[in-house]
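Please read each point with the model open beside the text.

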Amino acid sequence: MKLITLVENTSTGGTLKAEHGLSVLIESENSRVLFDTGQSDCIIHNAKTLNVNLQNIDKIVLSHGHYDHVGGLKYVLQYAKAPIIAHPEIFRKRYSKKGDKLRYIGIEDKSFFEHLGAYFEFSTKPQQVSKNIYTTGFVELKTDFEEVDKDFVFESNGQRIKDDVPDDLSLVLDLKEGLFVVFGCAHRGIINIINHCENTFNKKVIGFIGGTHLGPASKFQKEKTVETLKTMQQLKIIGPSHCTGIAMTCALANEFPDKIIYNNVGTVIDLGD
Ligand SMILES: [Fe+2]
Ligand SMILES: [Fe+2]
């Protein structure tokens, strides 16, 4: 299985564009799955630059309903006609609230995308996307050190309610050696997600790439997460991206020098079978 990062906050250079967002294409013998779309038409530019064809995509999976993961979908739909797998709560009217400042961070309505030809398959449960590729489905908050960003709220019946981003899902690649996880933003916490994957699929997680949301997390959460990752003997690849931020990526590189990979726009990872 081959992972090609099409959108990320940084790039490997050349004429590739970077933006705050994430999109990863997973190519296997059996399928081509697009996980997230970044926030703009950046994905189209980068796909062309990397000679990646967006027309014969079999499935699109959306990690959650934040603009930096779904904003590129309206552009992708001009090329790809594929079912879109997501959690039903992706269309929440959601904001980041800092003091009195509200910033819209949600996405367009379902009907907006349907007018562009989108066909959604919603589920809260783990879903098979194609051979050896699954979604995590809904991930419970279980650890005592991971919490969803305190600044997130959503609007419901005129009220603003804390948004725990229940729609946050990750992609699970079932490899011979173990599980490889692609996070969107990991708003539910990377340790919660890793534990959920290991319990659901009854195999160990051997690696991950994607947004960890450790950048904005508390010092306590960062420290406890690193501590827990150190106990995971099977974990061989740590590929923090996107909302991990550069400072936390460097901290992880210091802690795990033999496991770290830098996953930017243009990075291609061959995971074998
Ligand atoms: Fe994000
Ligand atoms: Fe997010």
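1. A nonpolar core is a set of buried Ala, Val, Leu, Ile, Met, Phe, Trp, Tyr and Cys residues joined through side-chain atoms within 4.5 Å. The model discussed here is predicted. Its largest nonpolar core has 28 residues, and those that touch the most other members are F183, I190, F208 and L229. In general, nonpolar side chains tend to be buried together in soluble globular proteins.

2. Which elements give two or more residues to this core? They are β14 (179-183), α5 (190-201), β15, α6 (219-230) and α7 (245-255). Helix α5 provides the largest share, namely 6 residues. A second, separate core of 27 residues also exists, and L34, V70, V76 and I90 are included in it.

3. Apart from neighbours within four places in sequence, F208 is in contact with F180, V181, F183, I190, I194, L229, L235, I237, I238 and G239.

4. When residues up to four places away in sequence are not counted, I190 touches E146, F183, F208, T212, L214, T225 and L229.

5. Is D167 buried or exposed? Its relative accessibility is 0%, so D167 counts as buried, the limit being under 20%. D167 is placed in the loop between β12 (159-162) and β13 (171-174). A polar atom of the D167 side chain lies 2.9 Å from the backbone nitrogen of G65. Neighbours within four places in sequence aside, the contacts of D167 are S63, H64, G65, H87, E89, I90 and R94. One of these, I90, is also among the residues of the second core.

6. The cysteines form the final point. A disulfide is a covalent bond between the sulfur atoms of two cysteines. How many disulfides does the structure hold? The number is 0. For C42, the nearest cysteine sulfur is that of C185, 16 Å away, and C42 is in no disulfide. C42 is also buried, with a relative accessible area of 5%.

7. With 42% relative accessibility, C250 counts as partly exposed.

Key
Residues numbered from 1 in each chain as written. Chains lettered and ligands numbered in written order. Predicted model: local features only at pLDDT ≥ 70, side-chain atom pairs only at ≥ 80, totals over all residues. Heavy atoms only, no water. Disulfide = S-S within 2.5 Å. Buried < 20%, exposed > 50% of the residue type's maximum accessible area, 1.4 Å probe, protein only. Helix = DSSP H or I, 4+ residues; strand = E, 2+ residues; numbered from the N terminus. Polar contact = N/O pair within 3.5 Å; in protein donor to acceptor, adjacent residues only side chain to side chain. Contact = heavy atoms within 4.5 Å.
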